[in-house]
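Please look over the sequence and the model shown here before reading on.

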Amino acid sequence: MSDRPTALELLEAVEEFLSSEVLPALDDQRLKFRTLVAMNALGIARRELETDEPGLGEDEIRELARRIRAGDVPADAHAILKEHVAAKLRISNPQYLERYE
Amino acid sequence: MHLLAGGASKEAWAVDAEGSALLVRRASRGVIHAATLSLEDEFHVLEAAAEAGVKVPRPVAYLGELGGREAFAMERVEGETIGRRIARNPPPGLDVQLADELAKIHAIPPERLPFLGSGDILERFAGELDSVGDPHPAIEYGLWWLREHRPAPLPDVVTHGDFRIGNVVVSEGGLEYLLDWEFAHLSDPREDLAWPLVRAWRFGADDRRLGGVGEVAPYLARYAERTGRTVSEEELYWLEVLGNVKWATGCLTQCRRHLTGLDRSVEYAVLGRMAAEMEYELLYLIESR
């Protein structure tokens, strides 16, 4: 095992550095925008490390995609997919789901 | 001369030459969709649009290759292009102004732009999805649903191909210019009509279904008045689902520019995770009927 900080704590450290030291020092709009994007990327990685949702396995996803492409759509496909995509969004952009409430 | 913020798929350079404020648009490495126009063809589309009276920055010259990549020069215009800001405070009349421009674009004679392609849109996106490599069952579901519910097509017209807030320049007086013609092609006119309705292009103002800036009914009414083509909101529903398939796939292919090493960028990288937003929306849209 590695010493602390953990992977999660390292991501948090970089996120904090970008928001409190780099961002306020930037004047260039393009760099500012890309720094915000980079912070967002770190947030996604952090939430992915934190999650304990099991979700669909790689093989299940591949099989489902193959069946749907072939026109052999399982009866519960829509419900399974909605949960699968919601789980992805809870990692990539949790606020997005609030737009559907 | 300096590089401007914005456009994820092309470079934009501010250049001042002989007293004119120019914008030099130059190719990046790689494209979002396989059918993207070359800069030379995009320049010809811009010229045709200008001739047709569409509000576009004045085309100046096609420059050939600059440092190994194609470029052209056009008038550098002032105004607001940031979708979030426009959706927060949309100028009155923008809804019908969008319809006015679309009517002019759709009236450009296709023979004026013989290089524009058409083709089966569902096959195109299935092909693009295959090029991504990783499986995306929600997008497959969208494509399946679209195949099952396909409406009879309208005859092809010249379409802008990326007609939405974010590609228009706006002032307090309303719409000033239409930008980003790289996806122009021949298609069902409803493809352009429905594209600004896609939730991703409402920039957070979800309740204003037309691009976060207005309602759909006055926009369609003006379009009908200008073109004689009566399109119902109901007809746009299928194309709205298609729009979400399109942009989900676009996010994934842009992300591959980063992953393959073609054009490394954190912006492209995160787009791979944004595709899930359009996947959720297309499932929601399909369920809502």
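Predicted model: local features only at pLDDT ≥ 70, side-chain atom pairs only at ≥ 80, totals over all residues.

Q: Which helix gives the most to the side of chain B that touches chain A?
A: The contact takes 31 residues from chain A and 22 residues from chain B. On the chain B side, at least two residues each come from α5 (137-148) and from α9 (266-287). With 13 residues, the helix that gives the most to this side is α9(B).

Q: How many charged residues has the side of chain B that touches chain A?
A: Chain B brings 22 residues to the contact with chain A. By class, this side has 14 nonpolar residues and one polar residue, and the number of charged residues is seven.

Q: What distance separates the centres of domain 1 and domain 2 of chain A?
A: The domain assignment of chain A places domain 1 at 1-50 and domain 2 at 55-101. Taken over C-alpha atoms, the separation between the centres of these two domains of chain A is 28 Å.

Q: Which residue of β5(B) is the bridge partner of B:R26?
A: Strand β3 (residues 20-27) of chain B runs antiparallel to strand β2 (residues 10-17) of chain B, joined by eight bridges, and B:R26 is the bridge partner of B:E11 in this pairing. Five bridges also join β3(B) to strand β5 (residues 69-75) of chain B, again in an antiparallel arrangement. In β5(B), the partner of B:R26 is B:A71.

Technical notes. Residues numbered from 1 in each chain as written. Chains lettered and ligands numbered in written order. Contact = placed C-beta atoms within 7 Å. Helix = DSSP H or I, 4+ residues; strand = E, 2+ residues; numbered from the N terminus. Nonpolar A, V, L, I, M, F, W, Y, C, P; charged D, E, K, R; others polar. Domains from an automatic or database assignment. Pairing = 2+ DSSP bridges.
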